[in-house]
Amino acid sequence: MLLALTGLFIITCLGMGLVVSAISNTQQQASMTGQFVLLPSMFFSGFMFPIASMPPIVQKLTYVIPLRYYISISRGIFLKGAGWAELRDEAAILAIYGVVILGIATAFFRKQIR
């Protein structure tokens, strides 16, 4: 189960990387944009700081960060022995997020090709 759900997260991350590369003109610009995506993801996902201790506005912001759901999945599997029934909501959110972000990446690439 961890392998399958990690695959969902990787698809989501690849989609985000494709969007960044599609909107960037140079490698340096893509690198800087990637940093602006990576650092907030690490800080606001619950990986470094508990989401419950964040201000309420920031807590709401964390719902758009896919790493939040993957951390919840990995903690559930490793620490709680959670099964599919407990993790299906996070998996569904990651799947939807992955499909949407890959669709956005595809649209950006199609615009660049034409």
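The protein has five helices and zero strands. Helices (H or I, at least four residues) and strands (E, at least two) are DSSP runs, numbered from the N terminus. In order from that terminus, the elements read α-α-α-α-α. This is a predicted model, in which local features need pLDDT of at least 70 and side-chain atom pairs count only at pLDDT 80 or more, while totals for chains, interfaces and linings use all residues. Residues are numbered from 1 along each chain as its sequence is written, and side-chain values use heavy atoms, with hydrogens and water left out.

Along the principal axes, the C-alpha atoms fill a box of roughly 50 × 30 × 20 Å. The protein has 114 residues, and 32% of them count as buried. Buried means under 20% relative accessible area, exposed over 50%, and partly exposed in between (1.4 Å probe, protein chains only).

Now the pockets. The search runs on a 1 Å grid over the protein atoms alone; a pocket is an open set of points with protein on both sides within 12 Å along at least five of seven lines, and lining residues have an atom within 4 Å of a point. A volume is the space filled by probe spheres set on the points, which are joined across faces, edges and corners. The largest pocket has a volume of about 200 Å³. Its lining includes F9, C13, M16, G17 and V20. G34, V37, L38, S41, P66 and L67 also belong to the lining of the largest pocket. Helix 1 (2-23), helix 2 (27-44) and helix 4 (66-80) each supply at least two of the lining residues. Helix 1 gives the most, with five. By class, this lining has eight nonpolar, three polar and no charged residues. Here Ala, Val, Leu, Ile, Met, Phe, Trp, Tyr, Cys and Pro count as nonpolar, Asp, Glu, Lys and Arg as charged, and the others, Gly among them, as polar.

The second largest pocket has a volume of about 160 Å³. M16, V37, S41 and P66 are among its lining residues. Other residues lining the second largest pocket include F36, L61, Y97 and I101. Helix 2 and helix 5 (84-113) each supply at least two residues here. Helix 2 has the largest share, four residues. The class count is 10 nonpolar, one polar and no charged residues.

Turn to the rings. Which features describe a pair of aromatic rings? The distance of the centres and the angle of the planes do. Rings of Phe, Tyr and Trp (its six-membered ring) pair if their centres lie within 6.5 Å; planes under 30 degrees apart count as stacked, over 60 as edge-to-face and the rest as tilted. By this rule there are two aromatic pairs. F9 and Y70 are stacked, because their ring centres lie 4.6 Å apart and their planes meet at 10°. F9 lies in helix 1 and Y70 in helix 4, so the pair ties together parts that are 61 residues apart in sequence. F9 is buried, at 14% relative accessibility. Y70 is also buried, at 16%.

The other pair is F43 and F49. Their centres are 6.1 Å apart and their planes lie at 20°, so this pair too is stacked. F43 is partly exposed, at 35%, and F49 is partly exposed, at 44%.

Y70 has a further partner. A polar contact of 2.8 Å joins its side chain to that of T6. Such a contact is a pair of N or O atoms within 3.5 Å; within protein, one must be able to donate a hydrogen and the other to accept it, and residues adjacent in sequence count only if both atoms are side-chain atoms. T6 lies in helix 1 and is buried, at 19%.

Notes:
On a 1 Å grid over the protein atoms alone, a cavity is a set of points where a 1.4 Å probe fits but cannot get out, and a pocket is an open set with protein on both sides within 12 Å along at least five of seven lines; lining residues have an atom within 4 Å of a point.
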